[in-house]
Each structure stands twice: as C-alpha cells, then as structure tokens.
Amino acid sequence: MPLTLHHMGVSQSERIVWLAEELGLDYQLVHHKRDPLLSPQSIKDLHPAGTAPVIVDDPSPVTHSRVVLAESCAIVDYIIAVYGQGHLALTPQDGAAYPHYLEWYHFANGTLQPAIMRLFIASNANPDPSSPIVAMTAQKKDHALSMVENRLAKTGAYLAGDALTAADIMTVFSLTTMRGFVPMEFDQTKHAHILSYLKRICERPAYKKAMELCEGKDFVPMVGPKIEPFNLGAA
Ligand SMILES: N[C@@H](CCC(=O)N[C@@H](CS)C(=O)NCC(=O)O)C(=O)O
C-alpha cells in the first residue's frame, strides 16, 4: 500500500480521505494534531508548504520514486488520474457538465474558501460586524454562498450536474467543517438547496466513513442550519 494520506484535525485534508473512500482505494491514514491552530512540525517536516493535506506515494507508479504532494487540487487530480481511473473527474467527453465541473472544481479553492478565510481573519481582527472591512468580507462570503445556492437550485443534485464529482469533494469542507472556525448559519429559505445538498452528502457512506476516520465517531458533521463553533482557545 504505497499511498499515505496525512490528515490534520478539522482541516481541508478531510477532502482527500473522502475522495479515497468514494474511490474505494487502499491507503494508510496518518493523523496530525493542530499546534495549537496552525500545522504541527510533523506536517512541516513532510512538505515545505507546511499545510494539510499532504500525501506521500512511495513508490509512485508514475515516477517509480517517492512523490510528496501538497495542495488539495493537485492531490485530488493526482489520485484520480493515478489510482482512480479518472472517476469523479469530468472530461470533454462528458459534454455539457464538463465546463460546469471545471468552474466549480476551481471555485472551491479559488473563490469560496478564500472568501470564508478572509472573513475569519477580518472578524477575528475586529469583532465589530459593522466595521467596513468585516462588512465587505461578509458580503463577499454571502455572494459566494449565493452562487453555490443558485447552482444547486439549477441541478437539484450536485455541482456539476446529476452525479457527485471532485467539484463537490473540493467544496463541501468550506460549507461544513470550516463553519467551526467561521460561524456561518444557513437560512432554511435563502440556503435551502445548500442544506438539502449537505444532507445528501452526509447520507453517502463514503463521506460518513471519511468523517469518522478523520475526526472520530463522536464528531457530528456540520451539515445543519446552525453549528456549534470550535473552541479555538482549546484547539
Ligand atoms: N490551498 C491549500 C490550503 C491548505 C491549508 O491552508 N490547510 C490548512 C488546514 S485547513 C492548514 O494547513 N493550516 C495550518 C497552517 O497553515 O499552518 C490546499 O488546498 O491544500
């Protein structure tokens, strides 16, 4: 079993475990604990990025040597191409869903996650929600969420269309576990499609298993309208 997935608690690396479970892969999972909020030395020792996720493929069937990769999208692309026979990634042969797949796959870390991260930083620097910077970042986050909501209203299923793809695997962290850091409530009307999407995701055996493997069986995925934020002081 050459593939090792490195997961840091409540982090973007849950995506990679979920992907591996959806693809039914054999892999080794190594857990890392935040220190106290940022990466521990054990993650920094793996890759200069010092962020989770990281994978180690030793030996990689592509290079016949040790491959160490950071960056969620690069890891998702690598795993799907090398071990997943292309499943969960769309190509031009998939027709109309393909451009949607591309756009939403990149929207996840190109727009949605950064918008939420900016709000996390701005609101921690200034807890006054009426401060112009906090209000502006909140507006950008709301806009990104409304794009997701409108897209899901159109498909009634997943981001690219009828079937789960890597675009969903990239996106769900920002709508769930990330809310432990940036308390975002989902409105039953304004975010109705996001809420039913998250319910659908949560019913997938691979997602359930991945979340249990990542965070333990007592962890409740943050899929409902309201969530209990993490106690960052105790992280
Ligand atoms: N663009 C990177 C972002 C990775 C990232 O920032 N991960 C966070 C966890 S959600 C992290 O490692 N934070 C700890 C740190 O930056 O020290 C990716 O998608 O892999």
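The model is predicted, so local features need pLDDT of at least 70 and side-chain atom pairs count only at pLDDT 80 or more, while totals for chains, interfaces and linings use all residues. Residues are numbered from 1 along each chain as its sequence is written, and side-chain values use heavy atoms, with hydrogens and water left out.

Helices (H or I, at least four residues) and strands (E, at least two) are DSSP runs, numbered from the N terminus. Buried means under 20% relative accessible area, exposed means over 50%, and partly exposed lies in between (1.4 Å probe, protein chains only). Contact means heavy atoms within 4.5 Å.

H1 is largely enclosed by the rest of the structure, because 9 of its 10 residues are buried. Among them are Arg15, Ile16, Val17, Trp18 and Leu19. Glu21 also lies in H1. Its relative accessible area is 16%, so Glu21 is buried. Not counting residues up to four places away in sequence, Glu21 touches Tyr27, Ala206, Lys209, Ala210 and Leu213. Just after H1, Gly24 has a positive phi of about 65 degrees.

H7 spans residues 192-202, and its buried residues are Ile194, Leu195, Tyr197, Leu198, Ile201 and Cys202. They sit on the same side of H7, because they cover an arc of only 160 degrees around the axis. The arc is that of the directions from the helix axis to the C-beta atoms. The buried residues of H7 pack against helix H1 (14-23), helix H5 (132-155), helix H6 (166-175) and helix H8 (205-215).

In H8, Ala206, Tyr207, Ala210, Met211 and Cys214 are buried. These fall within an arc of 130 degrees seen down the axis, so they line one face of H8. An α-helix has 3.6 residues a turn, so residues three or four places apart point the same way. The cover over the buried residues of H8 includes strand S1 (3-8), H1, strand S2 (28-32), H6 and H7. H8 is followed by Gly216, with a positive phi near 95 degrees.

**Cysteines**

A disulfide is a pair of cysteine sulfur atoms within 2.5 Å. The count is 0 disulfides. Cys202 is buried at 18% relative accessibility. Cys214 is buried too, with a relative accessible area of 5%.

**Largest pocket**

The largest pocket has a volume of about 500 Å³. Of its 22 lining residues, Met8, Gln12, Arg34, Thr51 and Met117 are the closest to its centre. Helix H4 (residues 97-125) gives the most to the lining, with 6 residues. By class, the lining has 12 nonpolar, 8 polar and 2 charged residues. Ala, Val, Leu, Ile, Met, Phe, Trp, Tyr, Cys and Pro count as nonpolar, Asp, Glu, Lys and Arg as charged, and the others, Gly among them, as polar.

**Two loop residues**

Met178 lies in the loop between H6 and H7. Met178 is buried, with a relative accessible area of 4%. Not counting residues up to four places away in sequence, Met178 touches Gln113, Ile116, Met117 and Phe173. Ala163 is in the loop between H5 and H6. Ala163 is partly exposed, at 47% relative accessible area.

Most residues other than glycine have a negative phi, and most peptide bonds are trans. The table lists the exceptions.

| Site | Feature | Value |
|---|---|---|
| Asp35 to Pro36 | cis peptide bond | omega near -20 degrees |
| Ala52 to Pro53 | cis peptide bond | omega near 10 degrees |
| His64 | positive phi, not a glycine | about 60 degrees |
| Glu71 | positive phi, not a glycine | about 80 degrees |

Pro36 is in the loop between S2 and helix H2 (41-44). Pro53 is in the loop between H2 and strand S3 (54-57). His64 is in the loop between S3 and strand S4 (67-70), and it is exposed at 65% relative accessibility. Glu71 is in the loop between S4 and helix H3 (72-82). Glu71 counts as exposed, at 51% relative accessibility.

Technical notes:
1 Å grid on protein atoms, 1.4 Å probe; cavity = no way out; pocket = protein on both sides within 12 Å on 5 of 7 lines; lining within 4 Å. Points joined across faces, edges and corners; volume = space filled by probe spheres on them.
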